[in-house]
2 protein chains.
Amino acid sequence: MEFLRQMRPTAKDLAVEAGVSLATIDRVLNGRSGVKPRTVIKVNEAIERIGFVRNLAAVNLARKKSYQFRFLLPDHGDQFLDVLVGHIEEARKAFADEMADVAAIRLPVEDPYKLAAYLGALDAETTQGIAIMAPETPQVRDAINRLLERGVEVVQFIAGQPKAGSNDFVGINNHAAGATAAQLIGRFSAGQKGKILVVSETMQAHDSIERRLGFDEVINREYPALQTLPSVETRGDTLRTARIFENVFANHPDISCLYVMSAEARGPIGEISRFATRPLVKIVHERTPFTEAALRKGEIDAVIAQNSGHLVRSAIRILKARNDQRIPLASQEKIRIEILLKENL
Amino acid sequence: MEFLRQMRPTAKDLAVEAGVSLATIDRVLNGRSGVKPRTVIKVNEAIERIGFVRNLAAVNLARKKSYQFRFLLPDHGDQFLDVLVGHIEEARKAFADEMADVAAIRLPVEDPYKLAAYLGALDAETTQGIAIMAPETPQVRDAINRLLERGVEVVQFIAGQPKAGSNDFVGINNHAAGATAAQLIGRFSAGQKGKILVVSETMQAHDSIERRLGFDEVINREYPALQTLPSVETRGDTLRTARIFENVFANHPDISCLYVMSAEARGPIGEISRFATRPLVKIVHERTPFTEAALRKGEIDAVIAQNSGHLVRSAIRILKARNDQRIPLASQEKIRIEILLKENL
DNA sequence: ATGTTTTTGAGGTGCGCACCTCAAAAGTTG
DNA sequence: CAACTTTTGAGGTGCGCACCTCAAAAACAT
């Protein structure tokens, strides 16, 4: 007994409405050639009229479609990367339902030649899309462009490849992130005079540069009482960090704020307490077990973060949409710059 | 020519692996009766062994499944509601692909009898799930419980129905949201003494009460220099608001902060400037065209928000999952308490 | 009008699964 | 042991669509 639950019109209904055969409907829907423009219009009008929407389940079934997506991530990593990999694993299970096979691949992304070689070996038969988190180099840019030509979809993941042919970027606006950090530091400093120590693992990366630009812009414009010091590069080396801190604090005893621009905050936050002469306003990036704990203990004042689970799912959804020639839902894929206090963890 | 793109095992493969027939596989997968426990185990082991995952597209196709979901929202509304309705319309298109029909229904939710009557008329044949945003009353609670018994899934949307049988709630933790607002006000106040004016449309709603509790907790514990005044209720009436403000500022000229707890901030923010004797730290809730503009113009200092697009999609995903007897992905459905400054809009 | 090309229709197959029927096999009981 | 009852297998149908082939019809050219 079929109840009245209104059924959606099928291709058959559409054929009747448009006054053509199913074969023609098929030709129009799948963009095959040999259909008079007039007929195409007729069909499209009928689609509008009865509100026909293809049954995606049936389409995917008939097409035997499946997706192989790969996240290419650095092989050496901080806690933030571990968090990301965890979310990829989670997504792997969640998206199995939708015929998507998702996996993380760790690569020496800082070696442009190895990375380009890896990309060059990919083909659209076995990989439908990749999300790549790697510094931008000419070699990698070219490899990405060639991938796109071969029909492999690419999204730039967290780290942008501004000149690459891929239009899709999943991550935050780093300029705005830096500005946000600056605004917080400014407000938290409460009009007091002081200097800001800005720390990054490296200033080579585009991300750090942009964050720094956004940061300085706001401090200079809105907080003249604060003075920003040149960026300090830790290179991920704690000893080096300590040495630099000692030096910097010797020259600038009036440092009142710390801004850690790169993802790994453990080194700087661990060392800073040994040198700071007074309580500092401290802001770091990315939510990790460490930054979360530090926030709770009051060792840092705020975290600027991007939702890593969202990042991963967003990349997958975009890759899927592109593979299906669909437009990703912009409002869903925009990654927000989150401000975390201990109250809203 | 079929390439090597590894195919996922099908039910047929599973039957071979488990050494049973397709009919038995079907019985086990769909929980039909008349299968020896021993056989069920055999099949489940085989599922583990070959990593069998049902092809959702095929399942849905064979089951002719479709979903009718309804958002039940107040019929009189502020800007925040308009934003929500916009997102529901967006989701309506996005989820049409997945056989889900989504729509917003505006109701006099403050009338428990009308609302309960509406809920009572729903049945699982025509409505598979609802997301309800309504104040909690005994009538509504009962109606919801009866809906659940009839097989209609229910999620509590933004406003909680703490005692209802539905376990799913889509929205933020209001206690934490209030605490977050307090922390911001405290930090932005920079140790200066002052009083905080707390405004709400009504203190009847659970949400406002919880926000207030979280707010006071943080202020009292961490910011002794600040003093919170009793909540002021606007009842959505601008004239009333102005009258109250005049009165309050007469008695407390040393008010230094404003916290608007309810979604509609236009009234209080519009009126406050006529009475404030000095620049205030102002924090409001929810992102709307108004709060966005006010943030940009510097008329308010921060917005505590929940991502309304996420709210809508999350509710839909949860309703879908429950309909399919699946567990929603917790990490994806957790709604974050967002802090918006003009820099991270 | 004839031949040629373009456009359309009719019909079939299969995707992976749900759901159904009927009969065969295995297990249980007295 | 026969007479049951429970469990399993074999096989069919259809979900809505993609993709294919072949023939018929329509449009066009000469």
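Colleague: Are H8(B) and H9(B) parallel, antiparallel, perpendicular or oblique to each other?

Modeller: Keep in mind that this is a predicted model. The axes of H8(B) and H9(B), residues 206-222, come within 6 Å and cross at roughly 40°. Roughly parallel would need an angle under 35 degrees, and roughly perpendicular starts at 65. The pair is therefore oblique.

Colleague: What is the handedness of the crossing of H8(B) and H9(B)?

Modeller: Residues of H8(B) that take part include B:Ala179, B:Ala182 and B:Gly186, and those of H9(B) include B:Leu213, B:Phe215 and B:Val218. The contact divides into nine nonpolar, six polar and six charged residues. As for handedness, the H8(B) and H9(B) crossing is right-handed.

Colleague: Which element gives the most residues to the side of chain B that touches chain A?

Modeller: On that interface, 38 residues of chain B are in contact with 38 residues of chain A. Elements of chain B that give two or more residues are H4, H5, H8, H13, H14 and strand E12. The side of chain B divides into 17 nonpolar, 10 polar and 11 charged residues. With six residues, the element that gives the most is H8(B).

Colleague: How do H5(A) and H13(A) lie to each other, oblique or parallel?

Modeller: H5(A) covers residues 79-96 and H13(A) residues 308-323. Their axes are 9 Å apart and pack at an angle of about 50°. That angle falls between the 35 degree limit for roughly parallel and the 65 where roughly perpendicular begins. So H5(A) to H13(A) is oblique.

Colleague: How many residues in the contact of H5(A) with H13(A) are charged?

Modeller: H5(A) brings A:Val83, A:Leu84, A:His87, A:Ile88, A:Ala91 and A:Phe95. H13(A) brings A:Ser308, A:Gly309, A:Val312, A:Arg313 and A:Ile316. Seven of the contact residues are nonpolar and three are polar, and the number charged is one.

Colleague: Which helix gives the most to the surface near DNA strand C?

Modeller: Helices H2 (22-29) and H4 (56-63) of chain A and of chain B each supply at least two residues. The surface divides into 13 nonpolar, seven polar and five charged residues. Giving five residues, the top contributor is H4(B).

Terms used
Residues are numbered from 1 along each chain as its sequence is written. Chains are lettered from A and ligands numbered from 1 in the order in which they are written. This is a predicted model: local features need pLDDT of at least 70, side-chain atom pairs count only at pLDDT 80 or more; totals for chains, interfaces and linings use all residues. Helices (H or I, at least four residues) and strands (E, at least two) are DSSP runs, numbered from the N terminus. Ala, Val, Leu, Ile, Met, Phe, Trp, Tyr, Cys and Pro count as nonpolar, Asp, Glu, Lys and Arg as charged, and the others, Gly among them, as polar. Two residues are in contact if their C-beta atoms, placed from the backbone, lie within 7 Å. Axes are lines fitted to C-alpha atoms, for helices over the stretch in contact, and angles run from 0 to 180 degrees between N-to-C directions. Angles under 35 degrees count as roughly parallel, over 145 as roughly antiparallel, 65 to 115 as roughly perpendicular and the rest as oblique. A crossing is left-handed if the near helix is turned anticlockwise from the far one by less than a right angle, and right-handed if clockwise.
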